[in-house]
Amino acid sequence: MYETIQILHSYLAYIALAVLLFAVANAITGLVGKRIFNMNKDLRLSLFALILCHIQLLIGLILYIISPNGFSAIQEFGMGGLTSAARLLAVEHPTVNILAIVAITIGWSRHKKFVEGDKKFKSIAIFYGIGLLLILSRIPWNQWF
Ligand code: HEM
């Protein structure tokens, strides 16, 4: 069970990050190129990125409960007893990723309020961009590759 969820979280990370990156790049080019916000392409891409991040969040929360590197590590060693690598997995990665997904969700909600395409693109570019940077800042790179 633990291995399956870990593998799922590990592989979905590639897809979620790729789609998120694509959504940010699309919003930036849309803003800079003054494109019309297309309800098919632009909206679907942003929504797809949001959904993938939320699925990754759900799997991450399950992993946090069942993994020996998640909450169990804090219970076993205490906050002060964690090495920096263990703290990354048990504290920094989950906390920062939750904040990142909050930022992405805010970006999605804000973009819906606007009618103008440039404001929609701007909301996605800024909030999804912040989310992407936060996620990238706390990926356990050594363990992933
Ligand atoms: C979009 C958001 C996220 C991305 C892209 C992501 C990505 C990753 C990656 C690449 C790993 C390393 C996987 C491996 O060892 O092959 C990992 C591990 C882990 N993630 Fe996430 N994650 C995200 C969100 C979360 C959240 C929100 C939580 C918890 C609330 C979480 C909990 C964990 C835990 C506990 C591990 C360590 C698993 C283990 O080694 O047992 N992740 N994550």
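In what order do the elements of the chain run from the N terminus on? They run α-α-α-α-α-α, and the secondary structure of the chain comes to six helices and zero strands, where helices (H or I, at least four residues) and strands (E, at least two) are DSSP runs numbered from the N terminus. Before I go on, please keep in mind that this is a predicted model, in which local features need pLDDT of at least 70 and side-chain atom pairs count only at pLDDT 80 or more, while totals for chains, interfaces and linings use all residues. Residues are numbered from 1 along each chain as its sequence is written, and side-chain values use heavy atoms, with hydrogens and water left out.

As for overall dimensions, the C-alpha atoms fill a box of roughly 55 × 30 × 25 Å, taken along the principal axes. Of the 145 residues in the chain, 41% are buried; buried here means under 20% relative accessible area, exposed means over 50%, and partly exposed lies in between, with a 1.4 Å probe and protein chains only.

Let me turn to the ligand. Which residues are the protein donors of its iron atom? They are His9 and His93, each through NE2, lying 2.0 Å from the iron atom. Donors are N, O and S atoms within 2.8 Å of the metal (3.2 Å for Na, K and Ca), and since water is not among the atoms, sites may look incomplete. This pair links distant parts of the chain, with His9 in helix α1 (residues 2–32) and His93 in helix α4 (residues 84–113), 84 residues apart. Why is the arrangement around the iron atom octahedral? The reason is that its six donor atoms subtend angles of 87 to 178°. The rule is that six donors count as octahedral, and four as square planar, if opposite donors are over 155 degrees apart and all others between 65 and 115, whereas four count as tetrahedral if all angles lie between 85 and 135 degrees, and anything else is irregular. His9 counts as buried because its relative accessibility is 14%, and His93 is buried as well, with a relative accessible area of 15%.

The largest nonpolar core has 30 residues, of which Leu17, Leu20, Ala49, Ile104, Tyr128 and Ile135 touch the most other members. Such a core is a set of buried Ala, Val, Leu, Ile, Met, Phe, Trp, Tyr and Cys residues joined through side-chain atoms within 4.5 Å. Two or more residues of this core come from each of α1, α2 (41–66), α4 and α5, and α1 gives the largest share, ten residues.

How many salt bridges does the structure hold? It holds five, a salt bridge being a side-chain nitrogen of Lys or Arg within 4 Å of a carboxyl oxygen of Asp or Glu. Arg35, Lys41 and Asp42 are linked in a network of them: the closest N and O atoms are 3.1 Å apart between Asp42 and Arg35, and 3.6 Å apart between Lys41 and Asp42. Asp42 is buried at 1% relative accessibility, while Arg35 is partly exposed at 30% and Lys41 is partly exposed at 46%. Elsewhere, Arg138 forms a salt bridge with Glu92, the closest N and O atoms being 3.5 Å apart. That pair links distant parts of the chain, with Arg138 in the loop between α5 (117–137) and α6 (141–144) and Glu92 in helix α4, 46 residues apart.

I will finish with a backbone detail. Lys34, in the loop between α1 and α2, has a phi near 50°, a positive value in a residue other than glycine, and Lys34 counts as exposed at 74% relative accessibility.
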